[in-house]
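Here is a short report on one protein chain. Please look over the sequence and the structure first.

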Amino acid sequence: MSGTDATTHRSRVPMLTLWWAMLRLGAVAFGGLGPTLALLDRSLVARRGWLTSTDVRDALTYTKALPGSTVVQIVTFLGWRLGGVMGALVATFGFLLPAAVLMTLAAAGAAALPDAAWVDGALLGMQVAVVGLLGHSMVGLLTKEARTLALAAVAVAAAAGGFFVNPAIVVVLAGLVGVIVDRVRRYRGGHRG
């Protein structure tokens, strides 16, 4: 991203507005990467128009192979796109604050009621709901991104490979497949004309 683009993004979103938006997203974001990506896309792209879907895809692409929480890295990257270094800090802290508060309250509650059967039942119900939401979000992301049979095949192969190989290796291999497919397409296109 050029300096001009960063300046444009910085002037479009005031820091207090960015913090409030990320605080609200952080309060309802759960279920891991898939649901959170869908939530970020819906809120920052479709509803507010601050970013494009390409920005969200770029954030996932650049951060997926890094160690640590991919969701936090994506939020930080998108915050940077919207306001430089200060935007990255504001977005990250705004997004994490609700989870930190809720986690502290949940830990205190679980410690205070270690033998309550309803606590176990509530946790099990939430886990099942999160799995369902994650599945729904991943199917939505797949249909949005894998627009051709070749891309769908790469997505399925990457999902299967993720069970057996380090995700960083899967991402690098998928990138190499993309380069090869692009080269073949350009080669064929150049020889038809």
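The report covers the overall build, a pocket, the salt bridges and a surface patch.

## Basis and overall build

This is a predicted model: local features need pLDDT of at least 70, side-chain atom pairs count only at pLDDT 80 or more, and totals for chains, interfaces and linings use all residues. Residues are numbered from 1 along each chain as its sequence is written, and side-chain values use heavy atoms, with hydrogens and water left out.

The protein chain has 8 helices and 0 strands. Helices (H or I, at least four residues) and strands (E, at least two) are DSSP runs, numbered from the N terminus. The C-alpha atoms fill a box of roughly 75 × 45 × 30 Å along the principal axes. Of the 193 residues, 28% count as buried. Buried means under 20% relative accessible area, exposed over 50%, and partly exposed in between (1.4 Å probe, protein chains only).

## The second largest pocket

The second largest pocket holds about 630 Å³ of space. Its lining has 25 residues, and the closest to its centre are Ala99, Leu102, Met103, Ala106 and Met126. Helices α2 (15-28), α5 (70-112) and α6 (117-145) each give two or more residues to this lining. α5 gives the most, with 11 residues.

A pocket here is an open set of points on a 1 Å grid over the protein atoms alone, where a 1.4 Å probe fits, with protein on both sides within 12 Å along at least five of seven lines; lining residues have an atom within 4 Å of a point. By class, the lining has 20 nonpolar, 5 polar and no charged residues.

## Salt bridges

The count comes to 4 salt bridges. Each is a side-chain nitrogen of Lys or Arg within 4 Å of a carboxyl oxygen of Asp or Glu. Arg81 pairs with Asp55, with the closest N and O atoms 2.3 Å apart. Arg81 lies in helix α5 and Asp55 in helix α4 (residues 53-63), so the pair ties together parts 26 residues apart in sequence. Arg81 is buried at 9% relative accessible area. Asp55 is buried too, at 9%.

Asp182 meets Arg185 in a salt bridge (2.9 Å, N to O). Arg186 also bridges to Asp182, at 2.8 Å. Arg185 is exposed at 55%, and Arg186 is exposed at 58%. Salt bridges that share partners also join Asp55, Asp58 and Arg81 into one network.

## A nonpolar patch

Phe163, Phe164, Val165, Ile169, Val172, Leu173 and Leu176 make a nonpolar surface patch of about 770 Å². Patch residues have over 30% relative accessible area and no salt bridge, and nonpolar side chains are joined within 5 Å. Ile169 sits in helix α8 (residues 167-192). At 43% relative accessibility, Ile169 is partly exposed.

Terms used
Patches are made of residues with over 30% relative accessible area and no salt bridge: like charges are joined within 9 Å, nonpolar side chains (Val, Leu, Ile, Met, Phe, Trp, Tyr) within 5 Å. Accessible areas come from the Shrake-Rupley method with a 1.4 Å probe; for residues, only the protein chains shown count as cover. Grid points are joined across faces, edges and corners, and a volume is the space filled by probe spheres set on the points. Ala, Val, Leu, Ile, Met, Phe, Trp, Tyr, Cys and Pro count as nonpolar, Asp, Glu, Lys and Arg as charged, and the others, Gly among them, as polar.
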